[in-house]
Amino acid sequence: MKRIKLAYIHTRQSLDNTIILADKDQTATLEPYLEVSEFAFLNQMSTRDSTNFFFPRAEGSVFVRLFKTDKDEYADVEATRLAGNAILGELAQYKFESITILNTCEKNRALPFAEGLALGSYQFNRHFSKPDEKDAALKTIQILDPSATEAEVQEMDRLIEAVFHTRDLVNEPFSHLNAPQLADFAEKAGKEYGFSVETLEEEQIRSLKMGGLLAINQASHIPPRFSVLEYKPVNAKNEKPVVLVGKGVVYDTGGLSIKPSEGMDYMKCDMGGAAVVIGAFIAAASNQLPIHIIGLIPITDNLVGREAITPGDVITMYSGATVEVMNTDAEGRIILADALHYAKKFHPELVLDFATLTGAAVRAFGSIATCYMGNASIEVRKNIEVSGMQTYERLIEVPLWKEYGEEMKSTIADIKNLGGVSAGMITAGKFLEHFVDYPWLHFDIAGPAYVRAGSGYRTKGASGMGVRLMYDFLKRYCS
Ligand code: BES
Ligand code: ZN
Ligand code: ZN
């Protein structure tokens with residue numbers, strides 16, 4: 001994969017182009033790095049609220065970024081990431097291949113600064129006829145920070161690679177990523193990063209009677225897949241696995257309840273949950289987290305055709321439950337339900353599912369936050385929220401009160417797949433809850449997974465949101 005690499009260094013290569021990070025109220029720390037005139041200029045200007053400086057030199061120019069500490073620790077780290085991303089624009093014109101980040105701040109700012117810079121440097125160029133011409137020059141970020149360790153830098157580097165894989169998957173159109181291709185990618189990633197992947201093909205999915213997945217796939221000329229990922233290091237801290245489930249709808253037309261054409265291209269992102277699960281496995285395995293995890297990914301497209309499932313149809317799910325399908329565009333919950341039922345056989349400690357599930361979540365929280373819900377313990381929910389703030393992949397919990405389930409009752413089957421006009425992300429959660437008998441959380445990433453306009457280091461298109469969150473949570477979980 002093409003991307004910026006982070007490297008830890010011990011001493012400054014004086015010829016390097018360097019970005020020096022400093023505390024705004026302690027600019028004296030900069031004196032050894034600057035020429036007398038530069039230092040005087042900086043001190044004069046920084047009292048006037050300037051925070052960004054550029055000192056061009058024949059050999060290795062110097063950029064200075066001054067930071068004021070925000071009392072909100074999470075916001076402070078995020079501001080550092082955003083500063084890292086912001087410098088990308090300035091660097092672009094110089095075509096540097098390598099830069100060094102030198103931290104003189106009290107806090108470890110080089111790592112989040114590099115994180116924002118690296119995440120913001122993402123490009124999805126593979127479909128240009130001449131992709132190389134579009135590639136940015138910058139290839140390496142060297143980190144020189146006494147408060148960071150080499151292990152931390154490598155960990156961050158691998159995490160960024162995982163996020164980039166997730167973004168690539170979500171950005172990849174249906175023409176290049178159908179159900180078998182997504183399952184193949186999971187297998188390839190397993191071999192490369194060290195986790196096992198078993199792919200169930202159509203015949204096995206049929207003999208298991210995964211009626212939900214088969215019903216959604218019914219109109220398709222392309223067979224479904226069901227990927228089972230496992231990462232089980234010998235030093236795993238958990239006794240029973242944590243299961244990650246991801247919605248893998250490689251393209252969602254809505255089926256016969258077809259979507260309006262406006263924004264339909266967006267629906268290549270409907271395997272965003274699957275991509276988060278694969279990204280989380282890449283991050284966990286490449287960083288050798290001591291945790292046993294299983295990944296379950298039901299994969300299909302949701303197409304129209306004469307075989308298509310019809311509104312009003314009743315289907316029998318993998319669990320044996322019957323579902324009255326009121327709207328074929330509420331397909332995600334149907335395939336997820338089969339995966340959630342499959343999870344039971346692992347007697348999981350915890351199940352976390354990720355899905356671009358509802359427009360209601362998009363309308364309520366936009367692309368800023370992921371709403372989540374479920375029955376997991378207060379402790380788990382507290383930890384996931386801390387991870388949300390730490391990574392700034394922020395979460396908002398919504399309730400699964402039983403009254404919300406009223407609307408899901410069917411008069412001819414066990415449950416229907418459609419709630420009323422309001423609280424759609426919650427009624428979708430109530431549907432999933434029906435198939436769960438273990439500690440569980442559901443994350444509706446429909447808003448943040450894919451955005452038309454980028455924001456900060458969340459580049460345009462796929463954001464990869466969920467991978468950094470999961471990595472942070474799993475790391476916390478097994479430590
Ligand atoms: N894939 C969509 C949800 C979605 C919307 C994802 C916007 C990303 C951005 C999902 O399958 C869907 O169509 N949901 C319907 C459900 C409704 C018919 C109950 C929705 O939210 O409109
Ligand atoms: Zn849909
Ligand atoms: Zn969908």
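Student: Which residues in helix 3 meet helix 5?

Tutor: This is a predicted model. In it, Leu111, Glu115, Ala118 and Leu119 of helix 3 meet residues of helix 5, among them Val153, Met156 and Phe164.

Student: What makes helix 3 roughly parallel to helix 5?

Tutor: Look at the angle. Helix 3 (residues 110–120) and helix 5 (residues 150–171) pack at about 25 degrees. Angles under 35 degrees count as roughly parallel. Therefore helix 3 is roughly parallel to helix 5. Their axes are 11 Å apart, and the crossing is right-handed.

Student: Which residues supply the protein donors of the zinc ion (ligand 2)?

Tutor: Asp252, Asp329 and Glu331 do. Asp329 gives both O and OD. The protein donors lie 2.0 to 2.2 Å from the zinc ion (ligand 2).

Student: Why is the arrangement around the zinc ion (ligand 2) called irregular?

Tutor: Six donor atoms subtend angles of 71 to 168 degrees there. To count as octahedral, six donors need opposite ones over 155 degrees apart and all others between 65 and 115. The arrangement is irregular because of the angles its six donor atoms subtend.

Student: What does aspartate 252 bridge?

Tutor: Aspartate 252 bridges the zinc ion (ligand 2) and the zinc ion (ligand 3), which lie 3.2 Å apart.

Student: How do you know that aspartate 252 and aspartate 329 tie together separate parts of the sequence?

Tutor: Aspartate 252 lies in strand 10 (residues 248–252). Aspartate 329 lies in the loop between strand 13 (322–324) and helix 10 (332–343). So the pair ties together parts that are 77 residues apart in sequence.

Note on methods: Residues are numbered from 1 along each chain as its sequence is written. Chains are lettered from A and ligands numbered from 1 in the order in which they are written. This is a predicted model: local features need pLDDT of at least 70, side-chain atom pairs count only at pLDDT 80 or more; totals for chains, interfaces and linings use all residues. Side-chain values use heavy atoms; hydrogens and water are left out. Axes are lines fitted to C-alpha atoms, for helices over the stretch in contact, and angles run from 0 to 180 degrees between N-to-C directions. Helices (H or I, at least four residues) and strands (E, at least two) are DSSP runs, numbered from the N terminus. Angles under 35 degrees count as roughly parallel, over 145 as roughly antiparallel, 65 to 115 as roughly perpendicular and the rest as oblique. A crossing is left-handed if the near helix is turned anticlockwise from the far one by less than a right angle, and right-handed if clockwise. Contact means heavy atoms within 4.5 Å. Donors are N, O and S atoms within 2.8 Å of the metal (3.2 Å for Na, K and Ca); water is not among the atoms, so sites may look incomplete. Four donors count as tetrahedral if all angles lie between 85 and 135 degrees; four count as square planar and six as octahedral if opposite donors are over 155 degrees apart and all others between 65 and 115; anything else is irregular.
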